Amino acid sequence: MENTWAICPVCGKSNSCQIDQVNLGGTCWCFGILVDQEKLELILGNKAKDQCLCRDCLGKLSV
């Protein structure tokens with residue numbers, strides 16, 4: 001069974017989520033990216049809002 005939480009809900013690629021490292025005291029690569037919240041809502045629509053986006057998709061939303 002595939003771990004859907006490791007998949008970007010926008011493009012379907014691996015999101016390279018580092019949340020396990022965060023729980024061990026590290027930081028995820030996404031923490032340093034400022035995102036336009038309105039664009040995020042538009043791109044996600046009715047897709048899962050608690051899944052991490054991949055670097056490419058998140059980069060398109062950066063401010």
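Start by selecting Asn-15: its side chain reaches the backbone nitrogen of Cys-17 at 3.0 Å. That is a polar contact (a pair of N or O atoms within 3.5 Å; within protein, one must be able to donate a hydrogen and the other to accept it, and residues adjacent in sequence count only if both atoms are side-chain atoms). You are looking at a predicted model, where local features need pLDDT of at least 70 and side-chain atom pairs count only at pLDDT 80 or more, while totals for chains, interfaces and linings use all residues. Residues are numbered from 1 along each chain as its sequence is written, and side-chain values use heavy atoms, with hydrogens and water left out.

Stay on Asn-15 for a moment. Is Asn-15 buried or exposed? At 1% relative accessibility, Asn-15 counts as buried (buried is under 20% relative accessible area, exposed over 50%, partly exposed in between; 1.4 Å probe, protein chains only). Show its surroundings: leaving out residues up to four places away in sequence, Asn-15 touches Trp-5, Ala-6, Ile-7, Cys-8, Trp-29, Cys-52, Leu-53 and Cys-54. Touching, or contact, means heavy atoms within 4.5 Å. Asn-15 lies in the segment before H1.

Step along to Ser-16, also found in the segment before helix H1 (19-23). Ser-16 is not a glycine, yet has a positive phi of about 50 degrees. With a relative accessible area of 40%, Ser-16 is partly exposed.

**Zoom out**

Switch to a cartoon. The protein has three helices and zero strands, running α-α-α from the N terminus on. Helices (H or I, at least four residues) and strands (E, at least two) are DSSP runs, numbered from the N terminus. Now colour by pLDDT, the predictor's confidence in each residue, from 0 to 100. The average is 82, and 83% of the residues score at least 70. Among the elements, H1 has the lowest mean pLDDT (65) and H3 the highest (90).

Of the 63 residues, 21% are buried. Among contacts between residues at least 6 apart in sequence, 64% join residues at least 24 apart.

Pick Asp-36, which caps the N-terminal end of H2 (residues 37-44), with a side-chain oxygen 3.0 Å from the backbone nitrogen of Glu-38. Just after H2, Gly-45 takes a positive phi of about 55 degrees.

Within H2, select Lys-39. Lys-39 counts as partly exposed at 39% relative accessibility. Beyond residues up to four places away in sequence, Lys-39 touches Lys-60 and Leu-61. For Lys-39 and Leu-61, 22 residues apart along the chain, the C-alpha atoms are separated by 6.2 Å.

Move on to the loop between H2 and H3, where you'll find Asp-50. At 58% relative accessibility, Asp-50 counts as exposed. Draw a C-alpha distance from Asp-50 to Trp-5: 8.5 Å, across 45 residues of chain. Gln-51 lies in that loop between H2 and helix H3 (55-60) too, but Gln-51 counts as buried at 16% relative accessibility. A polar atom of the Gln-51 side chain lies 3.2 Å from the backbone oxygen of Ile-7.

**The core and its cysteines**

Select Cys-8, Cys-28, Trp-29, Leu-40, Leu-44, Leu-53, Cys-54, Cys-57, Leu-58 and Leu-61 as one group: these ten residues make up the largest nonpolar core. Such a core is a set of buried Ala, Val, Leu, Ile, Met, Phe, Trp, Tyr and Cys residues joined through side-chain atoms within 4.5 Å. H2 and H3 each supply at least two residues of this core. Click on Leu-40 and, leaving aside neighbours within four places in sequence, the contacts are Val-35, Leu-53 and Leu-61.

Cys-8 is buried, with a relative accessible area of 2%.

Last stop, Cys-30. Its closest cysteine sulfur is in Cys-28, 3.6 Å away and so too far for a bond. Cys-30 counts as partly exposed at 21% relative accessibility.

Notes. Disulfide = S-S within 2.5 Å.
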